[in-house]
Amino acid sequence: ARQIQLLGAVDRSRIPSILSACDVFLFPTLRIEGLPINVLEALASGLPVITSNHMSPILGRALPAIYVDPHSPSDIAGAITQAVAIDISIRTCLLPEQFWLSHCAAEYCRLRLTQAS
């Protein structure tokens, strides 16, 4: 049976197991969030992400997400329908490499070496 569970606040240690049990990550925020860690974690877990369309100028060029009007239940429902049609039976990381910790650390070291020269 199809279910939607709203969990509210959870301990950070539970996040990996919760994400692994999900089919879609829904984040219709009304705020300007910058680069939200929850979106990065969901993409790294291989989940299709649905987030607010006002986030697209911030995330749109770099992160694969479905953008919706957060005030429109029909937009959100349509995006959920689209997202659950994505085959996630074989979970692969959807997070672009530029957001991987190893890439960020290497870039930081490169910049530090460039500044030291």
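Buried means under 20% relative accessible area, exposed over 50%, and partly exposed in between, with a 1.4 Å probe and protein chains only. Keep that cut-off in mind for helix 2, whose buried residues are Val39, Leu40, Glu41, Ala42 and Leu43.

This is a predicted model, in which local features need pLDDT of at least 70, side-chain atom pairs count only at pLDDT 80 or more, and totals for chains, interfaces and linings use all residues. Residues are numbered from 1 along each chain as its sequence is written, and side-chain values use heavy atoms, with hydrogens and water left out.

**Whole chain**

The C-alpha atoms span about 60 × 30 × 30 Å along the principal axes. Colour by secondary structure: there are five helices and three strands. Helices here are DSSP runs of H or I with at least four residues, strands are runs of E with at least two, and both are numbered from the N terminus. The order from the N terminus is α-β-α-β-α-β-α-α.

The accessible area is about 8000 Å², and carbon and sulfur atoms hold 59% of it. Such areas come from the Shrake-Rupley method with a 1.4 Å probe; for residues, only the protein chains shown count as cover. Of the 117 residues, 27% are buried.

Two strands pair if DSSP finds at least two bridges between them.

Zoom in on strand 1 and strand 2 (residues 49–52). They run parallel and are joined by three bridges. Pick leucine 26: its bridge partner in strand 2 is isoleucine 50.

**Helices on the sheet**

Just after helix 2, click on glycine 46, which takes a positive phi of about 85 degrees.

**The cores**

A nonpolar core is a set of buried Ala, Val, Leu, Ile, Met, Phe, Trp, Tyr and Cys residues joined through side-chain atoms within 4.5 Å. The largest has 13 residues; Phe25, Val39, Leu43, Leu47, Val49 and Leu63 touch the most other members. Helix 1 (15–20), strand 1 (25–27) and helix 2 (37–44) each give two or more residues. Helix 2 gives the largest share, four residues. Apart from this core lies another, of seven residues, including Val24, Ile66, Val68 and Ala79.

**Phenylalanine 25**

Centre on phenylalanine 25. At 15% relative accessibility, it counts as buried. Beyond its neighbours within four places in sequence, it is in contact (heavy atoms within 4.5 Å) with Leu19, Asn38, Val39, Ala42, Leu47, Pro48, Val49 and Ile50.

Finish on the rings. Rings of Phe, Tyr and Trp (its six-membered ring) pair if their centres lie within 6.5 Å; planes under 30 degrees apart count as stacked, over 60 as edge-to-face and the rest as tilted. The count is one aromatic pair. The rings of phenylalanine 25 and phenylalanine 27 have centres 6.4 Å apart and planes at 35 degrees, so this pair is tilted. Phenylalanine 27 also counts as buried, at 17% relative accessibility.
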